[in-house]
Amino acid sequence: MAKKKEVTVEEKLRALYDLQLIDSRADEIKNVRGELPLEIDDLEDEIVGLNKRLSNLDTEVENLNNDIASKKLVIEEAKTLIKKYNEQQKKVRNNREFDSISKEVEYQELETQLADKKIKEFRVKIEQKNAIIETAKENIAKKDDQLKHKSAELEDIMKDTVKEEILLVKKSEEYAKLIDEKLLKAYKRIRTNVRNGLAVVSIDRGASGGSFFTIPPQRQVEIAGRKKIIIDEYSGRILVDGALAEEEKEKIANLLK
């Protein structure tokens, strides 16, 4: 059975730094987009909420108009009864019948007055809700304009970067497979915890990238030896020597052309 080739520390360091370069470039693209995707999501949510509110207001106005129509029917029915009772009063034979009919007429007149009062109240409410509806429509129109503008802005950015981003995602997955699971988890954890997502950095002028603390000469020799994974005690990042970094930068730059 063929023996599986052992991956050297140097190969691991190169794979890690390659992955870092690829992920850093993806980060740059995301930074160019900035907060636009989140702003677009927020605007879309706001518009959905405003449209729902507008729909509810339209329903409320419709219900109020139905209430007005109902009260108008009450008034028409009352007028019909009043007319009927007035005709009956002309044919009464005694005062008791006259008084009884008069009370019915009085009751229907009160019903008419009450219905008129309710109609006026409903119309005031409709007027108020229509004012709110107009404001909501104006807000929706403004939000729609903002959404179109930001979506167009994002689309322009995406046109320039979408192909590269797809390639970066693919290459990030490929290079991640070259790194053992434990080391990959450490890389991802460091990326999450440090500024700018830089988990693997090279030595620059005797200090690690992202740190102002000088690395002792003996430590620098160990890093340049590429015999073990070395973590910067100040920044918590994985360290690689400058020569390796330059070689991998050129390789990845050619890869992403």
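**View 1. The accessible surface of the predicted model.** The accessible surface of the protein amounts to about 17600 Å², and carbon and sulfur atoms account for 52% of that area. The model shown here is a predicted one, and of the 257 residues in the protein, 33% are buried.

**View 2. Order of the helices and strands.** The protein contains 6 helices together with 3 strands, and, read from the N terminus on, these elements follow the order α-α-α-α-β-β-α-β-α. The radius of gyration is 39 Å, well over the 18 Å that the globule rule gives for 257 residues, so the protein is more spread out than a compact globule. Taken along the principal axes, the box that the C-alpha atoms fill has dimensions of roughly 125 × 50 × 35 Å.

**View 3. Confidence of the prediction, with helix H2 and strand E2.** Across the protein the pLDDT averages 90, and 98% of the residues reach a score of at least 70. Helix H2, which covers residues 36–89, has the highest mean pLDDT among the elements, at 94, whereas strand E2, made up of residues 207–208, has the lowest, at 82.

Key. Residues numbered from 1 in each chain as written. Predicted model: local features only at pLDDT ≥ 70, side-chain atom pairs only at ≥ 80, totals over all residues. Heavy atoms only, no water. pLDDT = per-residue confidence, 0-100. Helix = DSSP H or I, 4+ residues; strand = E, 2+ residues; numbered from the N terminus. Rg over C-alpha atoms; globule rule 2.2 N^0.38 Å. Buried < 20%, exposed > 50% of the residue type's maximum accessible area, 1.4 Å probe, protein only. Areas by Shrake-Rupley, 256 points an atom, 1.4 Å probe, with all protein chains shown as cover.
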